[in-house]
Amino acid sequence: MHSEEATILAINGSERPGGNTDLAIEYAGRLISARGAVLRAVRLRDHRISPCSPCGDCNSRTTLCQLDDDVPALVEQMIHADGLIYAAPVHAFGLAHLMQVFIERVGVGYLRFNRPLADKVGGVIVTGRRYSDSSVHNQIVNNLLLNRMILVGSGFPVLLRNTTGKPGLADAEGVDALERMVNRMLDMVHLLRRHQRATGGSVLPRLDRNERVPRQRPGGFASTRGDIENVH
């Protein structure tokens, strides 16, 4: 059951308080509030998130990850949101480690069993100087698509560049892209809510729980696929 206010959950993968990623999420929150919705932010730096352990049975086990940390509670917050924004900086030409560890843990340990984020509206914010931000953006987009989320095309991707050395939202084109993305995410959330109220069901059919369950194809043929290593 949805609350009256649409809720967007921002996953902040930066370890730097008051940095560019924090500022971007705060600005997104003001935009969302102006639309009568709510943004809740999760700062990964404030939580205990263990990296994947060497147990090695992630691709064969049928139960949730047993590592004792804050990840199960964070997954619950994600499940109860209408939409999710993944926001992270570029570090060493790649995705910052907090977000990398997080998407590995939630993907392998929790989300791959039933894809509970399916049909939620997703968005991506990447901050950095100028290099590799599009590669990091592509990685996060692929992760959202793997989890069957809905991404709304909104023009240019939200790549917020800052070469000054001081935190700030000085990238006018990036800020414009952020505004478009947030507004289109909320438009899609409201559209999906109207459909659910009118029909009582999801706008997209759920044909299978996850990619490991064989499903019947037209003509009576069942899909056959082996386990794929390191699916997050």
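How many aromatic pairs does the count come to by the rule I'm using? The count comes to 1, where rings of Phe, Tyr and Trp (its six-membered ring) pair if their centres lie within 6.5 Å, with planes under 30 degrees apart called stacked, over 60 edge-to-face and the rest tilted. That pair is Phe 93 with Tyr 131, tilted, at 6.4 Å centre to centre and 35° between the planes. It links distant parts of the chain, 38 residues apart: Phe 93 is in the loop between β3 and β4 (94-95), and Tyr 131 in the loop between β5 (121-128) and α4.

Before I go on, a word on what we're looking at. This is a predicted model, where local features need pLDDT of at least 70 and side-chain atom pairs count only at pLDDT 80 or more, while totals for chains, interfaces and linings use all residues. Residues are numbered from 1 along each chain as its sequence is written, and side-chain values use heavy atoms, with hydrogens and water left out. Helices (H or I, at least four residues) and strands (E, at least two) are DSSP runs, numbered from the N terminus.

Buried means under 20% relative accessible area, exposed over 50%, and partly exposed in between, with a 1.4 Å probe and protein chains only. Phe 93 counts as exposed at 61%, and Tyr 131 as partly exposed at 48%.

In β3, 8 of its 9 residues are buried. What does it pair with? Strands pair if DSSP finds at least two bridges between them. β3 runs parallel to β1, with 5 bridges, and Ala 10 has Ile 85 as its bridge partner there. With β5 it is also parallel, over 7 bridges, and Pro 89 partners Thr 127. β4 pairs with β3 in the antiparallel sense over 2 bridges, with Val 90 facing Leu 95 as bridge partner. That hairpin has 2 residues between the strands, and Ala 92 takes a positive phi near 50°.

On to helix α2, residues 71-80. Which of its residues are buried? They are Val 71, Leu 74, Val 75 and Met 78. They sit on the same side of α2 because they cover an arc of only 100° around the axis, taken from the directions from the helix axis to the C-beta atoms. As a reminder, an α-helix has 3.6 residues a turn, so residues three or four places apart point the same way. What covers these buried residues includes β1 (7-12), β2 (38-43), β3 (83-91) and α3 (97-114).

Finally, charges. There are 12 salt bridges, each a side-chain nitrogen of Lys or Arg within 4 Å of a carboxyl oxygen of Asp or Glu. One of them joins Arg 105 to Asp 69, with the closest N and O atoms 2.4 Å apart. Arg 105 lies in α3 and Asp 69 in the loop between β2 and α2, so the pair ties together parts 36 residues apart in sequence. Arg 105 is buried at 1%, and Asp 69 is buried at 8%.

Another is Glu 211 with Arg 148, at 2.8 Å, N to O. The two are 63 residues apart, Glu 211 in the segment after α5 (172-199) and Arg 148 in the loop between α4 (133-146) and β6 (150-151). Salt bridges that share partners join Arg 115, Arg 148, Asp 208 and Glu 211 into one network.

Conventions:
Contact = heavy atoms within 4.5 Å.
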